Every structure is written in structure tokens, then in C-alpha cells.
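Trainee: Could we go through this structure together, one question at a time?
Mentor: Gladly; here it is.

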Amino acid sequence: MQHGPVVRRRKLGAELRALRTSAGITSGEAARLVGWHQSKVSRIETGTSGTKPADVRLLLDAYGVHDPQLRELLLVLARSDGDGGRHHWWHAYRGVLPPTYRDFISLESQASAMRTLETTVVPGLLQTPEYARAVTRAAVDGLPEERLDTLVEVRLARQDVLRAEPPLRLSAVLDEAVLRREVGGPGVMDRQLRRLVESARLPHVRLQVLPFAAGAHIGVTGPFVIFSFSSTSDLDVVVLDHLTSSLHLERKEDLEAYTEAFNALLNHALSPEDSLDFIAATAAGA
């Protein structure tokens with residue numbers, strides 16, 4: 001995690017390997033050209049080791065890659081800090097957070113926009129402390145209180161991306177079940193719904209409710225997140241969460257499929273204005 005999430009390292013490594021092959025250079029020759037051991041080139045190409053922009057420049061020079069747009073794309077992949085100086089604060093929690101969660105937070109902190117479908121619970125970026133505690137307690141059975149406190153602390157720290165400059169642009173489609181599922185008791189749920197109403201009024205947050213009346217829809221296959229980055233769409237990634245792991249989809253075909261699915265969900269969902277009224281009415285017990 002030192003130089004960005006695994007998904008970025010793998011993508012950078014694959015691109016560098018392809019450029020080396022196109023140049024007709026072996027990994028051993030590449031290592032000699034830049035003064036490294038061959039093992040370092042191999043680790044970078046397989047994504048098992050991060051690399052710095054300066055090292056990427058050395059490799060690109062050795063491979064005769066002078067296209068400024070391509071060079072900038074690969075340097076973006078290598079940069080360890082996201083736009084706006086959002087540092088890797090989550091490193092302090094390495095002993096608590098699994099690698100997949102750290103990867104997710106890294107993507108979230110460096111992204112310029114996030115589109116998400118939530119079918120079960122309120123998105124983590126919009127959760128109140130009480131709701132976050134109830135969800136975390138339910139998700140991890142028998143969690144010691146101290147570790148529960150830490151995970152809730154991380155969940156709340158993640159929300160800083162919505163207060164950053166510039167803030168993360170969040171577009172979320174919430175299944176009605178998210179609003180109806182009573183998490184933590186009536187009081188906790190009431191405060192959480194009111195928080196959603198407040199969040200929906202932020203200029204960089206767009207919430208749309210997918211009511212039960214919409215019937216079956218493409219989102220029944222499960223929740224997903226699409227991260228986008230301001231520098232280029234080539235960095236976009238889809239994240240699918242499972243009980244014990246996360247799946248990152250980077251192929252153009254996958255990104256197109258999930259983007260189309262999200263757009264279809266937007267069309268089936270209530271408008272942002274009607275959604276805000278729907279959430280407010282739910283909070284009022286209507």
C-alpha cells in the first residue's frame with residue numbers, strides 16, 4: 001500500500017511490461033539499462049512492489065517512450081498521493097484493517113467521483129457514528145469493544161473526503177430496503193435518515209431512492225462501487241465487495257457494463273428531489 005492500491009500497481013506493471021516487450025527489451029536488459037537488479041523490474045511488472053514516478057521515468061526513457069500523454073498516465077498510476085494532498089492516514093491502522101479494506105480506502109481517498117448502488121445499508125460515507133457502530137457490530141460477530149471503536153473511527157475518518165477541497169463527488173442509488181431496515185433501533189435509524197436528508201442537500205452529493213414499486217431491476221445482483229479519477233478515465237475501477245474479499249474490475253468492457261447498469265438504475269430511481277422527500281417522509285414515519 002506504500003504507493004497506492006494493488007489495483008493501480010497491477011495496471012502500471014502490465015503497462016510497463018507491454019512497453020518493454022514492444023521495445024524488444026528483456027527484463028534483464030531493462031534492469032541493466034537503469035542500473036537495477038532484474039528482480040526489481042519483475043516485482044514492478046507483476047504489481048507485487050510499488051514504484052516511484054522517478055523510477056517510471058527511468059524505465060520509459062529506457063524503452064524510448066516519449067508520448068507525453070502516455071507518460072503522464074503512467075506517472076499518475078505511480079504517484080503515491082492523491083489530488084488535494086489527501087495523505088495515507090489509514091496506514092496508522094495497518095494492524096487492524098485487512099488489505100482489501102485498505103485498498104478500498106486508498107481508491108476512495110484518491111478518486112474524484114464515486115458512484116455506488118447500496119441495497120442493504122447506508123453508504124459508509126454517509127453513516128452516523130451510532131449507525132456505523134451498529135452495522136460494524138452486526139457484520140463482525142464477537143468483535144472486542146476496543147476494535148469496534150477503532151473500526152468506527154476509521155469509518156468516520158473516511159468521510160473527510162466529502163469535506164476535502166475539492167470534495168469527492170458522490171452519486172448514490174439507495175434501494176428502499178436501506179431506508180426501511182432498522183439498524184441499531186428506532187432512535188439510531190431516525191437520526192440516520194435525517195443525516196441522509198442533510199447530506200442530500202450538499203452540492204457534491206446526489207442521492208436517489210429506488211423504491212420497491214420499481215420492481216425487479218439490474219441492481220438485484222448486488223451492490224457495487226465505481227471510482228473515477230480526474231486525470232483520466234483509464235484509471236476507473238469497479239469494486240464488488242464479498243464477505244471475505246473484494247473484487248476489482250478494470251477491463252474496459254466491465255467498466256462500460258457497470259456504468260450502463262448505474263445509468264439504468266438512475267432512470268428507474270426517483271429524482272433527487274423526490275428522493276429527498278421520500279427519505280424525509282420515511283424519517284417522519286409516513
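This is a predicted model: local features need pLDDT of at least 70, side-chain atom pairs count only at pLDDT 80 or more; totals for chains, interfaces and linings use all residues.

Trainee: In what order do the six strands of the open sheet run?
Mentor: Strands here are DSSP runs (E, at least two residues) and helices are runs of H or I with at least four residues, both numbered from the N terminus. Two strands pair if DSSP finds at least two bridges between them. The pairing in this open sheet is mixed, and the order is 3-2-1-4-5-6.

Trainee: Which are the edge strands?
Mentor: An edge strand here pairs on one side only. From one strand to the next, the twist of the sheet averages 15°. The edge strands are strand 3 and strand 6 (246–249).

Trainee: Which residue of strand 3 stands opposite A172?
Mentor: Strand 2 has parallel pairing with strand 1 (residues 113–118) through six bridges, and R115 stands opposite S171 there. Strand 2 also pairs with strand 3 (residues 205–210) in the parallel sense, again over six bridges. In strand 3, the residue opposite A172 is L207.

Trainee: What is the bridge partner of V225 in strand 5?
Mentor: Strand 4 (residues 224–228) and strand 5 (residues 237–241) are antiparallel, with three bridges between them. The partner of V225 is V239.

Trainee: On to the helices: are helix 6 and helix 8 roughly parallel or roughly antiparallel?
Mentor: Axes are lines fitted to C-alpha atoms, for helices over the stretch in contact, and angles run from 0 to 180 degrees between N-to-C directions. Angles under 35 degrees count as roughly parallel, over 145 as roughly antiparallel, 65 to 115 as roughly perpendicular and the rest as oblique. The axes of helix 6 (residues 99–110) and helix 8 (residues 145–158) cross at roughly 20° and come within 11 Å. That angle makes helix 6 and helix 8 roughly parallel.

Trainee: Which residues of helix 8 does helix 6 meet?
Mentor: Contact means heavy atoms within 4.5 Å. From helix 6, the residues taking part are Y101, F104, I105 and E108, and those they meet in helix 8 are V154, R155 and R158.

Trainee: And how is helix 7 oriented to helix 8?
Mentor: Helix 7 (residues 129–139) comes within 9 Å of helix 8, axis to axis, and the two cross at roughly 125°. The relation of helix 7 to helix 8 is therefore oblique.

Trainee: How are helix 10 and helix 12 related in direction?
Mentor: Helix 10 (residues 186–200) and helix 12 (residues 272–283) have axes 9 Å apart and pack at an angle of about 160°. That angle is why the pair is roughly antiparallel.

Trainee: Which residues does E45 touch?
Mentor: E45 lies in helix 3 (residues 38–46) and counts as buried, at 8% relative accessibility. Leaving aside residues up to four places away in sequence, E45 touches G13, A14, L16, R17, R20 and Y63.

Trainee: Finally, which residues does V122 touch?
Mentor: V122 is in the loop between strand 1 and helix 7, and its 1% relative accessibility makes it count as buried. V122 and E15 are 37 Å apart in space, C-alpha to C-alpha, and 107 residues apart in sequence. Not counting residues up to four places away in sequence, V122 touches Q127, Y131, V178, Q192 and L196.

Definitions and conventions. Residues are numbered from 1 along each chain as its sequence is written. Side-chain values use heavy atoms; hydrogens and water are left out. Buried means under 20% relative accessible area, exposed over 50%, partly exposed in between (1.4 Å probe, protein chains only).
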